[in-house]
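Please look over the sequence and the structure shown below before reading on.

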Amino acid sequence: MTSLPGSPRRPTRRQRLAAFGRTRRGLVTGFVAFHAAYILALLPLIIAGGTEGDLPLYRQWAQDAVQGTWPIIDFEWVYPAGALLPIVAPIALGPYLYQLVWLLMLAGANWLALAAIAGARLQRRSAYPAAWYWLLSILLLAPVSMLRLEGFAAPLAIAGLVWVSRRPVVAGALIALATWIKVWPAAIAAAVVAVCRSRWWVAVGGGVASVVIMIAVVLAGGASNLFSFLTIQGTRAPQLEAPVATPWVWATIWELPGARIQQNYELATREVIGHGAMAAGEVVGWLMIAAFAAIALLLVRARMTWVAGAQRVERAEGRLMVLGAFALTAALIVFNKVGSPQYMLWLAPIVVVGLLIDPERWRTPAKWMAVTSFLTTLVFPIFYMPLVHADPFAASLLLARNVLLVALFIWSIQALWRIAMPRAVRPLSMPVPRPSLSPVSDPA
């Protein structure tokens, strides 16, 4: 007597959901669902003509600009001149709809990032994990990811990184524009210049975009304020969330003499005060410059050894470029007396591109980065006011976040060191990666 083969097992709900996420319809659904949910959550505020997060200040600047008083042109400004575009553009339909237009513009910027990652028609299925990671990142970092300027700079940085080898002029223009919105993408530009053969074409695109912005500002009469964003925060104390502020946060909790957390009304932020706090802020500034220079030298060294000896130079360039961009950007955060929560949007875009072109190397750092982003949102805005009042639990969350940041920075330096130093150069013994449809590593 023969037995009939058992019927195939029905896939579980989780398996069906995972399979749906690997389809174009699933990715589009996730994108639309996130942005629609955010708009719906703020719908009462939008209907009332209000704004949330940093947008009240942005809208005020935009209204002042419409009335003839422009940041950069008429007074020193904390942001580079390119930030005027995403700040002033939402006022086009009037101040009442500023919040709605901002969110719609942000959705367009995030769609640009998805199109760069997975193709204009989302046809690169191998890129879907990276695309979903970007959606996860902006979800974990909401509301900061949706209500601050990094929300525009980060998608531009993703597109620029992805298109460096295929569309270097466009990539250079996008990276330059992102840098003129928030300064941090300059670290990406430095990595590209140190590593990529297409650096000159990238420089052409970036140079043209920068010249256009600078000429516009100069012709408008803002030449004297063009680079004011570099010096306007020079005399401030360490910000509450910055890694360097950690000792004074805990000194405040332990009620040590002279230590306290205070409001900086001019910059609308909280800072730490105490013995040596200002000096520490100055020291990390010099350490940032030293770390940036040392990492740049490591990149040049790795370019001369590991990349030159690689079987597929273009693929090796892409991997080294992303790793170098991460290390340089992490240095800008770890050695910084400013530590705003949106700084996680400096690192998340680079992790996204890392998952796209070198998933084996970046899978673990991506998990760390997700936890770091989650802790950042717990610190701000959820437990921010308890932190301001020196609550030990809130300070512990911040400490854990900062420890992870430093760990990610150390990981990137170790990875670069292994590649750059002779004993770490083993291009022939590296496991052969599976074929990838990455636009960074494959010819167009």
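## A tryptophan to begin with

Is Trp-346 buried or exposed? Trp-346 is buried, because its relative accessible area is 7%, where buried means under 20% relative accessible area, exposed means over 50%, and partly exposed lies in between, as computed with a 1.4 Å probe on protein chains only.

This is a predicted model, in which local features need pLDDT of at least 70 and side-chain atom pairs count only at pLDDT 80 or more, while totals for chains, interfaces and linings use all residues. Residues are numbered from 1 along each chain as its sequence is written, and side-chain values use heavy atoms, with hydrogens and water left out.

## Nonpolar cores

A nonpolar core is a set of buried Ala, Val, Leu, Ile, Met, Phe, Trp, Tyr and Cys residues joined through side-chain atoms within 4.5 Å. The largest such core has 128 residues, and the members that touch the most other members are Ile-87 and Trp-134. Helix H15, residues 313-334, contributes the largest share of this core with 14 residues; helices here are DSSP runs of H or I with at least four residues, strands are runs of E with at least two, and both are numbered from the N terminus.

If its neighbours within four places in sequence are left aside, Trp-134 is in contact with several residues, among them Asn-110, Leu-114, Ala-154, Pro-155, Leu-345 and Val-352, where contact means heavy atoms within 4.5 Å.

## Aromatic pairs

A pair of aromatic rings is described by the distance of the centres and the angle of the planes. Rings of Phe, Tyr and Trp (its six-membered ring) pair if their centres lie within 6.5 Å, and planes under 30 degrees apart count as stacked, over 60 as edge-to-face and the rest as tilted. In the whole structure, a search finds 21 aromatic pairs. One of them joins Tyr-58 and Trp-102, a tilted pair with 5.4 Å from centre to centre and 35 degrees between the planes. Tyr-58 is in helix H4 and Trp-102 in helix H6 (residues 98-118), so that the pair links distant parts of the chain, 44 residues apart, and both Tyr-58 and Trp-102 are buried.

The rings of Trp-184 and Trp-346 count as stacked, because their centres are 6.1 Å apart and their planes at 15 degrees. Trp-184 lies in the loop between helix H10 (168-181) and helix H11 (186-195), whereas Trp-346 is in helix H16 (residues 344-357), so this pair ties together parts that are 162 residues apart in sequence. Trp-184 is buried too, with a relative accessible area of 1%.

## Backbone exceptions

Most residues other than glycine have a negative phi, and most peptide bonds are trans. Another cis peptide bond runs from Phe-380 to Pro-381, with omega near 15 degrees, and Pro-381 has its place in helix H17 (residues 359-382).

Ile-72, which is not a glycine, has a positive phi near 75 degrees, and its relative accessibility of 0% is why Ile-72 counts as buried. Glu-255 also has a positive phi, about 60 degrees, but Glu-255 counts as exposed because its relative accessibility is 69%.
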